[in-house]
Amino acid sequence: MNTSFIKTLMTTNAGFAALALRIPTAIIFIAHGAQKLFGSFGGYGLEGTGQWMASIGLEPGYQLALLAGCAEFFGGIALLIGLLVRPAALMLSITMVVAIFSVHFANGLFMTNNGYEFALALFAISISLMFSGAGKLALDNVLKQRLG
């Protein structure tokens with residue numbers, strides 16, 4: 001089995017800076033994904049989120065709610081434990097671009113008007129982690145060593 005691509009995905013020299021980004025961002029994404037998937041933390045669950053997505057023109061709503069919820073929830077878990085951080089961050093950054101332009105952009109920058117500033121910050125963090133990798137204290141480092 002050719003493991004060089006997987007090793008490349010897991011390689012990082014980011015140190016503790018990436019860890020400082022990963023942990024709070026992971027908590028935010030896990031919580032938002034849990035809102036969409038399970039209705040946790042005051043969320044609407046898949047049915048409600050899917051209906052809302054369809055109402056703003058994102059079709060098929062249920063399937064897109066499932067994709068967004070899974071990207072946020074499982075991508076957040078990946079960030080938290082430092083597992084395949086680069087691909088997880090890529091998926092999260094795509095999710096944030098969709099959120100920015102389909103939900104928030106028309107409202108301007110500021111969160112007080114449901115603007116895109118928070119999604120933009122999460123997008124920037126995701127892009128940073130995609131480039132830097134997991135950093136210290138990550139499963140990526142352990143798995144890379146085991147792959148030889």
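Phe-38 is exposed, with a relative accessible area of 52%, where exposed stands for over 50%, buried for under 20% and partly exposed for the range in between, computed with a 1.4 Å probe on protein chains only. Phe-73, by contrast, is buried at a relative accessible area of 16%. The model is a predicted one, in which local features need pLDDT of at least 70 and side-chain atom pairs count only at pLDDT 80 or more, while totals for chains, interfaces and linings use all residues. Residues are numbered from 1 along each chain as its sequence is written, and side-chain values use heavy atoms, with hydrogens and water left out.

A pair of aromatic rings is described by the distance of the centres and the angle of the planes. The structure holds four aromatic pairs, a pair being two rings of Phe, Tyr or Trp (its six-membered ring) with centres within 6.5 Å, counted as stacked if the planes are under 30 degrees apart, edge-to-face if over 60 and tilted otherwise. The rings of Phe-38 and Phe-73 have centres 5.2 Å apart and planes at 85 degrees, so this pair is edge-to-face. It links distant parts of the chain, since Phe-38 belongs to helix H2 and Phe-73 to helix H4, 35 residues apart; helices here are DSSP runs (H or I, at least four residues), as strands are (E, at least two), and are numbered from the N terminus. Phe-38, Phe-73 and Phe-74 are linked by ring pairs into a cluster. For Phe-101 and Phe-105 the centres are likewise 5.2 Å apart, but the planes stand at 40 degrees, so that pair is tilted. Phe-101 counts as exposed at 57% relative accessibility, and Phe-105 as partly exposed at 43%.

Leaving aside neighbours within four places in sequence, Phe-29 is in contact (heavy atoms within 4.5 Å) with residues including Phe-73, Leu-79, Leu-92 and Met-96.

Ala-26, which lies in helix H2, is buried with a relative accessible area of 0%. Its C-alpha atom is separated by 8.5 Å from that of Phe-73, 47 residues apart along the chain, and Ala-26 is in contact with Gly-76, Leu-79 and Leu-80 once neighbours within four places in sequence are left aside.

Which helix supplies the largest share of the lining of the largest pocket? That share, nine residues, comes from H5, and helices H2 (16-38), H3 (45-55), H4 (61-81), H5 (85-104) and H6 (117-132) each supply at least two lining residues. The pocket has a volume of about 850 Å³. On a 1 Å grid over the protein atoms alone, a pocket is an open set of points with protein on both sides within 12 Å along at least five of seven lines, whereas a cavity is a set where a 1.4 Å probe fits but cannot get out, and lining residues have an atom within 4 Å of a point. Points are joined across faces, edges and corners, and the volume is the space filled by probe spheres set on them. Of the 33 lining residues, the closest to the centre are Lys-36, Trp-52, Met-53, Glu-72 and Ala-99.

Some positions in the loops remain. A cis peptide bond joins Glu-59 and Pro-60, with omega about -5 degrees, and Pro-60 is in the loop between H3 and H4. Phe-41, in the loop between H2 and H3, has a positive phi of about 55 degrees although it is not a glycine, and is exposed at a relative accessible area of 65%. Leu-84, in the loop between H4 and H5, has a positive phi of about 50 degrees and counts as partly exposed at 34% relative accessibility.
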